[in-house]
Amino acid sequence: MIDVRVPLIVFISAFSASIAAETLQLSNAWVRAMPPGQKMTAAYFQVRNPSASAITIKGVSSSAGMASLHETRLEGGRSTMQPVNTLTIEAEGVIELEPGGLHIMLMGLQSTPAEGDTVPVCLQTNEGESCTDAQVRRAAPEAKSKHDHH
């Protein structure tokens, strides 16, 4: 009888490694600090898809409260927020979740996170889940601000 355990273990290990390589890379994560008692804020970060195929974000979550992917849009001279149900990141693509654009709304917070705290945020995709800890800050990190030239 042939022992299939070793080839099977090698196959499972290789398959697991290829799945791990397909997950999104999240960086520069931060959450806007709010005054005490506020039950809502937003999370921002860079999302990189290192894989050779598109990955679709199908949902977001946080243990801090309810989470929802939103986009701020300028319509008729007014700024509005629209929920985003799915978001596809092209192969080897990068998107920015940033103030005034795509972001994750954190609502119904159990407690108001203080500056310096971290808030866990996860993206659910067609390839699995990618998570990061976002640092609570009063303002966008200086290096990421688009308005440094003003």
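## Close-up views of a predicted model

**View 1. Side-chain contact of T56.** The side chains of T56 and T88 form a polar contact at 3.1 Å; such a contact is a pair of N or O atoms within 3.5 Å, where within protein one must be able to donate a hydrogen and the other to accept it, and residues adjacent in sequence count only if both atoms are side-chain atoms. T56 belongs to strand β3, residues 55-61. Strands (E, at least two residues) and helices (H or I, at least four) are DSSP runs, numbered from the N terminus. Setting aside residues up to four places away in sequence, T56 touches T86, L87, T88, Q124, T125 and N126, contact being heavy atoms within 4.5 Å.

The model is predicted: local features need pLDDT of at least 70 and side-chain atom pairs count only at pLDDT 80 or more, while totals for chains, interfaces and linings use all residues. Residues are numbered from 1 along each chain as its sequence is written, and side-chain values use heavy atoms, with hydrogens and water left out.

**View 2. Loop residue N85.** N85 sits in the loop that lies between β5 and β6 (87-89). N85 counts as exposed because its relative accessibility is 66%; the cut-offs are over 50% for exposed, under 20% for buried and partly exposed in between (1.4 Å probe, protein chains only). Beyond its neighbours within four places in sequence, N85 is in contact with I57 and K58. The C-alpha atom of N85 is 8.6 Å from that of S68, a residue 17 places away along the chain.

View 3. Strands β4 (residues 66-75) and β5 (residues 78-83) run antiparallel and are joined by six bridges; two strands pair if DSSP finds at least two bridges between them. T72 is placed opposite M81 in β5. Two residues lie between the strands of this hairpin, and G76 has a positive phi near 60°. In a regular strand, side chains alternate between the two faces of the sheet.

**View 4. The protein chain as a whole.** One helix and 10 strands make up the secondary structure elements of the protein chain, and their order along the sequence is α-β-β-β-β-β-β-β-β-β-β. The protein chain has 150 residues, of which 33% count as buried. Of the contacts between residues at least 6 apart in sequence, 68% join residues at least 24 apart.
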